[in-house]
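Visitor: Before we go through the model together, I would like each label to be set against the rule behind it. Could you show the structure and then begin with the rule for domains?

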Amino acid sequence: MDNKNRKGWLYLLPAFLFLGVFMIYPLIDVFVYSFEEGYNSASQTFFGIGLYNYSYVLHDPYFLQAVKNTLILVIITVPLSTGLALLISVALSSIQKLRELFQTVYFLPYVTNTLAVGLVFMILFKKTAYSDGLVNLLIQCFGGSSVDFIDGPYWAKMFVLCFYTIWVVMPFKILILTSALASVNQIYYNAARVDGTPKWRIFTRITLPMISPMIFYLVITGFIGAFKAYSDAVALFGTDLNAAEMNTIVGYVYDMLYGDSGGYPSYASAAAIILFAIVLTITCINLLVSKKHVHY
Amino acid sequence: MKIVLQNLTKKFPSRNKKSREEVIAVNDFTFEIPDGKLIGLLGPSGCGKSTALNLICGLQKPTSGRIFFGEDDVTDLPPEHRGVGLVFQNYALYPHLTVLKNITFPLENLRGADKLSREEMEKRAYEAAKLVQLEGLMDRKPSELSGGQQQRVAIARALVKQPRVLLLDEPLSNLDARLRLQTREEIRRIQRQTQVTTVFVTHDQEEAMSISDRIVVMKDGVVQQIGKPQEVYDDPVNLFVAKFLGTPPINIFRGRAADGQLFIGQEAILPLQGVSDQEVIVGIRPEGFILQEDGPLTCKLSRVEVMGRDISVVSTHSCSENAVIRSIINAENAVDPEAENVRFAVKPHKLYLFGSETGERILFTAE
C-alpha cells in the first residue's frame with residue numbers, strides 16, 4: 001500500500017470506528033441475539049441456537065396485532081400523505097399572493113414536538129367525563145353520535161393514528177415537493193403551452209415525470225418511516241399500547257426490551273429482524289416499480 | 001401566411017424599485033413579414049428580439065399594438081390557438097420522452113374534429129422526422145442525442161402540427177461552429193421545402209445574413225433597418241447597423257468634411273459632394289480598401305495575414321476608432337510585411353459617412 005493510500009485510510013479511521021462500534025456491531029449483535037434461545041442478559045447465558053425466538057414472536061398475538069396495525073398504518077398513510085402533499089404543493093406553487101405565509105403554516109408541524117402535537121390531538125379527540133372533545137362536538141353538530149377516539153373502538157383509534165401520522169409527515173413532503181415543482185424549468189411549460197396542451201395533461205405528462213425522482217424518494221422514506229412508527233402511537237394512546245390494541249412493530253420491540261413484560265432481548269431482536277426483512281422487501285419492490293416510472 | 005405587426009410595443013415594469021422607469025423591450029414595431037419568407041431578427045443581446053418573438057408566438061402579451069397572421073388578428077389569442085411552432089433556444093425537449101413521443105406530443109393535444117389516430121400521429125411524426133433527417137433515432141431519449149440532433153428534434157416537433165408560422169429562438173447558439181454552418185443550411189432547406197413563414201432570432205449577423213430573405217436589425221427595442229441582407233449591408237441607415245453587420249467589422253475613423261473633400265487626419269481621402277463642412281464618422285468596409293503606392297490614406301502596417309484567396313492587412317491609424325484597421329485585399333497584390341507604412345485608396349461605395357453626434361447616415365455623391 002502506498003503512502004497516499006494509507007493516509008486516506010487513516011483519515012477514514014475515526015468514522016469507521018464510530019460506525020463500527022455504534023452501528024455495525026449492534027446490527028450483527030441483534031442478528032446473533034435473534035438466534036440465541038433463552039438468552040439471559042444478567043448472566044449472559046443461553047440454552048441453544050435455533051429459530052425458537054422467531055417462532056415465539058410470530059405466534060405472539062401482540063406481535064401479530066402490531067404487524068397488522070403497522071401494515072394498515074403504512075398502506076393508508078403513505079399514499080394519502082404523499083397525494084395530499086402533492087395536491088397542496090401544486091396549489092401552493094400556483095398561487096402568488098400569500099404563498100410564503102401558507103408555506104410557513106404548512107411547515108409548522110414539522111418543527112413542533114411530536115408529544116406536544118399528540119397532546120393537542122388528545123384534546124381534539126379524547127372523550128372525558130367533562131368534555132367529549134372538539135371533534136365529537138362537531139360530529140354532534142351534524143347530528144352524529146359521539147365516538148371515543150382514544151379509548152373506543154379499534155377503527156376509531158386507527159383513524160386518529162392515521163390522521164395524526166399524515167398530519168405529522170406532510171410538512172416535510174410539502175417542502176420537498178414545492179421545491180421540486182419550482183425546479184421544473186418553465187421552458188417545458190412554455191413549450192407545452194405553445195403546443196396547446198391541456199392543463200391536466202401538462203401535469204400528468206410533464207410535471208409528474210419531471211418530479212418523479214422526488215416523489216419516489218418520498219414514497220420510499222415514507223414507507224420506511226411508517227414501518228418504524230412508534231412515538232406517534234405513544235403520544236396518542238400512552239405507553240401501554242398492547243392494552244390499547246394500537247401497538248406497532250417498533251413498539252413491540254421496545255416493550256420486549258424495556259416494557260412491563262420486558263427483559264427479552266432475544267424476542268426483541270427477532271422482531272427487529274422481521275421488521276428489517278419486511279422493510280427490505282418493500283423497498284426492493286419500490287425500487288423495481290420505480291425503474292419503470294421514475295425518470296432521472 | 002404573412003405576419004403583420006402594427007405599432008407593437010411591450011413594456012416591462014422596472015425591476016429597480018427606486019426609478020420606476022419602465023423597460024421598453026419592444027418599441028413601436030411596424031412591419032410586415034411576407035408569406036413563405038425566412039426572416040432574421042438580428043440585434044445584440046437585450047435588444048428585445050426574443051421578446052418580439054414571444055409576442056408573435058403569444059407567450060407574452062403586448063402592451064399595445066396588434067399582430068395579424070394573414071387577415072386574422074391574433075393579438076388576443078393564446079399561443080395554442082395561433083398555430084405557431086416554436087423552437088426554443090435550448091430546445092425544451094421533454095427529457096423523459098423518446099424522440100418519437102416528443103414529436104407526437106403536440107399531435108396528442110388535438111381534440112375534436114382534429115383528433116388523430118395513433119397510426120396517423122406516427123405517420124406524421126415520421127414524415128417530420130424524415131424532413132429533418134432523424135428517422136433512425138426515433139426510440140432514443142433526448143439525452144442520448146447530440147446537440148445538432150436535439151435541435152432537429154425540436155424543429156420536427158414544431159413542424160409536425162403544420163404550423164402557420166415557425167419561430168426559432170437563437171436556434172444555433174448551442175451548437176459548435178461546424179454544426180452551426182451545417183444546421184443553418186438545414187433550416188434554410190427545411191424552410192424552402194415546407195414554405196412556412198419563418199421568423200428566427202439571432203445575435204449572430206453572419207447567421208442572419210447567410211440564410212434570411214429579409215433581416216430586421218434591432219437595437220434597444222427599436223427597429224433600425226429592414227431589408228434584404230445584401231441591401232442592408234451595402235446601405236446601412238446608421239452607424240449601429242454598419243458596425244453590427246459584416247465580418248471582419250467595418251473600420252471606423254474620425255474624419256472631417258471640408259472644402260468638398262473628406263479628410264481623415266490631414267489627408268484628403270475622397271472628393272465629396274452634397275455634404276456641408278462638419279465633423280463626421282467615416283466607416284470603410286474591409287473590402288473597400290485598394291492597395292495603391294500613392295494612395296491618400298497612409299496607415300502604419302502591423303502585420304499581414306494570409307488567408308489563401310485573400311490577404312488581410314492589419315494596420316493602425318491615429319484617427320481610427322478601432323484598435324486596428326483590417327482590410328481585405330486580393331492575394332495577387334503583394335504587400336511587403338516588413339514595410340513601415342501601407343497606403344490605400346478607398347472605393348467610394350464601400351465608404352459611409354455618419355453624423356458625429358447622431359450616428360445617422362450622411363449621403364454623399366463622390367465626384
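Guide: Domain bounds here come from an automatic or database domain assignment. For chain B that assignment gives domain 1 (3-238) and domain 2 (251-366), and the C-alpha centres of domain 1 of chain B and domain 2 of chain B lie 39 Å apart. This is a predicted model, in which local features need pLDDT of at least 70 and side-chain atom pairs count only at pLDDT 80 or more, while totals for chains, interfaces and linings use all residues. Residues are numbered from 1 along each chain as its sequence is written, and chains are lettered from A and ligands numbered from 1 in the order in which they are written.

Visitor: What makes Glu170(B) count as buried?

Guide: A residue is buried if 20 or more other C-beta atoms, placed from the backbone, lie within 10 Å of its own, exposed if 12 or fewer, and partly exposed in between. Glu170(B) has 20 C-beta neighbours inside 10 Å and therefore counts as buried. Its place is the loop between β7 (165-169) and α5 (177-194) of chain B, and the phi of Glu170(B) is positive, near 45°, in a residue other than glycine.

Visitor: Which peptide bond is cis, and where is its proline?

Guide: The bond from Thr247(B) to Pro248(B) is cis, with omega near -10°, and Pro248(B) sits in the loop between α8 (239-244) and β11 (251-258) of chain B.

Visitor: What makes a set of residues the largest nonpolar core?

Guide: A nonpolar core is a set of buried Ala, Val, Leu, Ile, Met, Phe, Trp, Tyr and Cys residues joined through C-beta atoms within 7 Å. The largest such set has 102 residues, and those with the most contacts inside it are Leu41(B), Ile56(B), Ala156(B), Leu167(B) and Val282(B). Helix α4 (residues 147-159) of chain B gives the most to this core, with six residues, and the core draws at least three residues from each of domain 1 (3-238) and domain 2 (251-366) of chain B. A second, separate core of 51 residues includes Phe63(A), Val168(A), Met170(A) and Met246(A).

Visitor: Which residues does Leu167(B) touch?

Guide: Two residues are in contact if their C-beta atoms, placed from the backbone, lie within 7 Å. Not counting residues up to four places away in sequence, Leu167(B) touches Leu53(B), Ile56(B), Cys57(B), Val84(B), Gly85(B), Leu86(B) and Val199(B).

Visitor: How many residues of the two chains are in contact, and of which classes are those on the side of chain B?

Guide: 15 residues of chain B are in contact with 14 residues of chain A. The elements giving two or more residues to that side of chain B are β6 (84-87) and α2 (99-108) of chain B. For the classes, Ala, Val, Leu, Ile, Met, Phe, Trp, Tyr, Cys and Pro count as nonpolar, Asp, Glu, Lys and Arg as charged, and the others, Gly among them, as polar. By this rule the side of chain B that touches chain A has eleven nonpolar, three polar and one charged residues.

Visitor: How do you know that the span of α13(A) is close to the expected one?

Guide: The expected span of a helix is 1.5 Å times one less than its number of residues. Helix α13 (residues 265-293) of chain A has 29 residues and reaches 41 Å from its first C-alpha to its last, close to the 42 Å expected. Among the buried residues of α13(A) are Pro265(A), Tyr267(A), Ile273(A) and Leu275(A), and the buried residues of this helix pack against elements including α1 (3-33), α3 (61-94) and α9 (199-227) of chain A.

Visitor: At what angle do α4 and α7 of chain A cross?

Guide: Axes are lines fitted to C-alpha atoms, for helices over the stretch in contact, and angles run from 0 to 180 degrees between N-to-C directions. On that scale, the axes of helix α4 (residues 99-107) and helix α7 (residues 154-182) of chain A cross at roughly 145° and come within 8 Å. The contact is made by Gln103(A), Tyr106(A) and Phe107(A) of α4(A) and Pro171(A), Ile174(A), Leu175(A) and Thr178(A) of α7(A).

Note on methods. Helix = DSSP H or I, 4+ residues; strand = E, 2+ residues; numbered from the N terminus.
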